[in-house]
Amino acid sequence: MPKLLLLEAMGNTGEYVLDAARDLDAEVIVVTHEDVYQDWYSPELKAKIGRHAKLVFTDFSDSEGALRQLKELARTEDVTGVVACWEFLTPLVARLTADLGLPGNDPSKALSCRNKRIMARAFAENGIPAPTTVAARTVEEAYDLVRAAGLAYPLVVKPSEQSGSWGVSVVRNDEELAAAFATAQSHLFQDPHGIPLDAHVVIQEYVGGVEFSIEVVVVRGVATPLVPYDKFTTGGARRAEFGHTVPAELDEASVRTLQQAAVAAARALGVTHGVAHTELKLLEDGTTRIIELGARLPGDHVVALMRQARGIDEARVYVQIALGLEPALTPTADTAAGIRFLTPPRGGTLRSVSGIGDSGAVVQRKLTVEPGGPVRAPGDNDSRVGYVILHADTAAEVNAAAAQVLANVTVEVV
């Protein structure tokens with residue numbers, strides 16, 4: 001029986017991976033930290049692990065110690081595959097699989113799939129179309145580098161290592177740059193594991209156009225791009241994601257442009273086994289710019305959307321590749337699915353969420369914050385209080401139904 005080592009099941013991809021491994025009759029060992037398991041895992045996830053997986057604790061903030069422990073564990077347990085459901089652990093997975101001789105990505109390039117400063121350098125060295133980027137440790141250095149690179153406002157400011165749109169700002173002058181720089185540099189340990197983060201702040205040219213996401217599946221170095229899909233973000237200074245629709249409504253030429261760029265980016269960053277989640281923009285002239293890439297499954301329940309819209313189970317694909325199996329990538333459906341996130345008008349205490357209605361396109365609705373719970377002011381993905389998943393024959397129908405849902409919903413905060 002195959003045996004899968006799953007580094008950190010927390011997050012909305014963990015349950016999908018556990019389900020996929022169970023369906024493939026693979027044993028699973030979930031690795032996390034004892035405090036994280038107690039305080040961050042939902043009762044549903046704990047129950048699923050209790051039924052279908054073994055649990056092991058480690059300290060991911062000590063990467064060398066964790067590597068030694070997990071190599072010994074993998075050899076003792078005769079592990080046949082390793083995956084992570086948390087982006088910050090993908091470099092550890094690459095090192096672990098290389099040492100064990102299991103399917104995995106190039107460990108010498110793995111940090112470039114997590115660290116945006118190193119990623120930008122790799123893109124530039126490999127001729128990947130991406131925004132012009134500089135990285136600084138101080139705001140004074142940032143001013144000098146911006147001038148030297150010939151960058152002009154507006155600019156995008158972001159941490160070298162973060163996720164969920166945390167700390168990402170669009171700035172229009174020196175004063176806004178200084179404030180955004182301080183925000184991006186204010187949190188240098190990644191919760192909940194306390195992993196130390198790069199203190200550099202990334203400053204990029206602002207790229208116009210329309211933003212999309214796409215996954216590339218790579219099996220033994222052979223890359224297959226899936227369909228691009230819409231990524232909807234807020235405007236203004238702070239950019240947070242509020243939804244996705246699979247697939248995007250695009251002509252064939254645009255689809256090919258996005259797919260080719262994503263494949264080239266995955267190769268440049270050493271992705272040889274697994275899934276590369278890529279975010280990129282399509283410009284008015286038909287060219288594209290890669291914004292970033294992660295060697296991981298997509299979040300935001302896109303796994304469920306892709307399964308509904310195209311019949312491709314990305315979590316199953318991810319597990320199959322890790323176990324050395326051949327994944328099925330041929331679509332078995334030709335419909336559309338979308339997700340829209342519910343956000344509060346301001347921070348405070350959630351009182352109620354109402355008005356979702358009974359649209360025939362709505363297949364799932366869920367509150368992720370119960371009434372009476374604290375909510376953050378909108379600005380990044382952590383401010384969400386719930387979501388709605390929709391399914392219809394076409395992307396246009398999904399988007400129309402989603403717009404109606406968002407127009408009718410009221411999130412009341414006190």
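**Strand E11 and its partners**

Strand E11 and strand E13 (residues 229–233) run antiparallel and are joined by two bridges, where strands (E, at least two residues) and helices (H or I, at least four residues) are DSSP runs numbered from the N terminus, and two strands pair if DSSP finds at least two bridges between them. The model is a predicted one, in which local features need pLDDT of at least 70 and side-chain atom pairs count only at pLDDT 80 or more, while totals for chains, interfaces and linings use all residues. Residues are numbered from 1 along each chain as its sequence is written, and side-chain values use heavy atoms, with hydrogens and water left out.

E11 also runs antiparallel to strand E15 (residues 274–282), to which it is joined by nine bridges.

With strand E12 (residues 222–225), E11 pairs in the antiparallel sense over four bridges, and one example is Val217, whose bridge partner in E12 is Thr224. E11 and E12 form a hairpin with two residues between them, and in that turn Arg220 has a positive phi of about 50°.

E11 covers residues 210–219, and because nine of its ten residues are buried, it is largely enclosed by the rest of the structure; buried here means under 20% relative accessible area, exposed over 50% and partly exposed in between, with a 1.4 Å probe and protein chains only.

Elsewhere, helix H1 (residues 14–23) has buried residues as well, namely Gly14, Tyr16, Val17, Leu18, Ala20 and Ala21. H1 is followed by Asp25, which has a positive phi near 60°.
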